[in-house]
Amino acid sequence: MDFENYYEITRVAGFIHAHNFSRVALQFPDELLKDSRKVVSALRHLLQNSDESHGTAKLYVMADTTYGSCCVDEVGAAHVKADCVIHYGHTCLSPTTTIPAFCVFGKAPLKASNCAESLYNYTVKGGKPILVLFGLEYAHAMPDIKEALNVEAVRFHDSNSGFQIHFANVTNSVITPSTSMKLENRHLMLNGDQDNNEDSSQKTDTKFRLGGLGWSLPEGHRMEDYLLFWIGLDNSAFTNFILTFNSCEIVRYDAIEGCLKTDVSQQAKILKRRYYLVEKAKDANMVGILVGTLGVAGYLDMIHQMTELVTRAGKKAYTFLMGKPNPAKLANFPECDVFIYVSCAQTALLDSKEFLAPIITPFEALIAFNRGSQWTGAYSMEFQDVVASQPAEVEDEAESRFSFFQGGYVEDFKLQEGKEEKDAVLSLVNVTEKALLLQNKDSELLSRRDAKSGAEFFAARSYQGLEIHSSDSFPEPFLIGRAGKASGYEDEQSK
């Protein structure tokens, strides 16, 4: 595939020229950064020759993204005061907050004939209608696969009684700013929302949208009635579909190996792991809210909702803004028992096995910190679904809760409202001392949990950092260190 076709140079230049953008930021992931100079040269050549009456747009290459590379880096674009962002490579198509973006998915190689043959054979054997989903980098191959499917249907016309295949479509390659997910048009929802028509007798389709793809199902059809056929790699986008539609049968066509993967046993493992983290988060006293994006529309609403949720549950919430989190960064805050990662759907799932504290998604936080919530198996990582959800009503908040990790019943502590204290830190210390006391002395079912503030935690730590206990204001004399290599310093006697 030629260079200009892969990077869609003509389409990108037309988009910039049509909107008369003067400052354009080009966002590349690490694996495509090697082609950035050629892309800039090709775009500049087309923009200069398209219309001399308009000034040539200034192009800026963004290499190191502030957060995940799948999201539009609005922070980096703001540094150069860009009018729009051209995003290359894998993307989550999350709506932006302040700046428009044009996404170039790329065109990953795929042999359409092999994929169509595997798809058709599985359709005949399965007996269920199939919904074809795909990574955005394979969207260019969908017309070839459909054409190849028609050929396969003609070849095996005697056995095509169950030939029912539906294809998802890319919603849009242009991202428009949306200040709040609450204001976004939600006629396409994750859980399927029927269009509102004045004529109720007219049949309508159920529409879905997820991961940049949209599709419709006939009236009365459910996602559980379909077999999901994923074309692409085993990446974050595939994991998002697995968790969201965990009740569906899913198979994957590996475009690199050119074969069908019917074993997706990781689906059950992922759900078990997420349920484990939810149960562990219920015992947390201090919760850190990690800001994993500053560009996805609705992130402020999500942060505020998570803060209110944690506070209402009687726990202390801290907000952290640290770019891309890693175990070393979060180890600086050991007082936090759990972290809530506010990020786009395709980067929200962090493997927290190497972290000192578990990292959960906002959807999992709703289940963990709402006493009346129960996990039915449904899962969502989209902002609009979590923001629109309502907390469950609890009949008796004073009732003890069973903790799987402590092996007994515990009483969740709820912060007292309306009590004024001069010192906010002392106020938190005073109320936390009253939390979760042993109420039944004749039974071990109720356990005591120490809910401490950040100041209390640091005071009780054995390591307080570098401290100077001397009252002398004069500096101490310096000492000369050892010279040489660690395998044999100069002052050591050679053996």
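**A colleague's note on this predicted model**

1. Buried here means under 20% relative accessible area, exposed means over 50%, and partly exposed lies in between (1.4 Å probe, protein chains only). Helices (H or I, at least four residues) and strands (E, at least two) are DSSP runs, numbered from the N terminus. An α-helix has 3.6 residues a turn, so residues three or four places apart point the same way.

2. Before going on, a word about the basis. This is a predicted model, in which local features need pLDDT of at least 70 and side-chain atom pairs count only at pLDDT 80 or more, while totals for chains, interfaces and linings use all residues. Residues are numbered from 1 along each chain as its sequence is written, and side-chain values use heavy atoms, with hydrogens and water left out.

3. How confident is the predictor? The average pLDDT (confidence in each residue, from 0 to 100) is 77, and 72% of the residues score at least 70. Over residues 415-423 the pLDDT is below 50, and this stretch has nine contacts in the model beyond near neighbours in sequence. Residues 431-449 also have pLDDT below 50, with 42 such contacts. Contact means heavy atoms within 4.5 Å. Where pLDDT is low, the predicted coordinates should not be read in detail.

4. Now the overall picture. The protein has 14 helices and 22 strands, and buried residues make up 46% of its 495 residues. Of the contacts with a separation of 6 or more, 67% join residues 24 or more positions apart.

5. What lies between domain 1 and domain 2? The largest nonpolar core has 58 residues, of which Leu110, Leu133, Ile145, Trp215, Met223, Phe229 and Ile231 touch the most other members. Helix α5 (residues 112-126) gives the largest share, six residues. Domain 1 (3-104) and domain 2 (112-177 + 209-262) both contribute, so this core lies between them. A nonpolar core is a set of buried Ala, Val, Leu, Ile, Met, Phe, Trp, Tyr and Cys residues joined through side-chain atoms within 4.5 Å; the domain bounds come from an automatic or database domain assignment.

6. Apart from that core lies another, of 38 residues, among them Val287, Met302, Leu309 and Phe363. Phe363 also belongs to helix α11, as one of its buried residues. In α11 (residues 362-369), eight of its eight residues are buried.

7. Leaving aside neighbours within four places in sequence, Tyr341 has contacts including Leu290, Gly292 and Pro362. The C-alpha atoms of Tyr341 and Gly292 are separated by 6.3 Å, although these residues are 49 apart along the chain.

8. Finally, some backbone angles to check. Most residues other than glycine have a negative phi. Glu8, in the loop between α1 (3-6) and α2, has a positive phi near 50°. Leu93, in the loop between β3 (84-88) and β4 (101-104), has a positive phi near 55°. Asn20, which follows α2, has a positive phi near 55°.

Definitions and conventions
pLDDT = per-residue confidence, 0-100.
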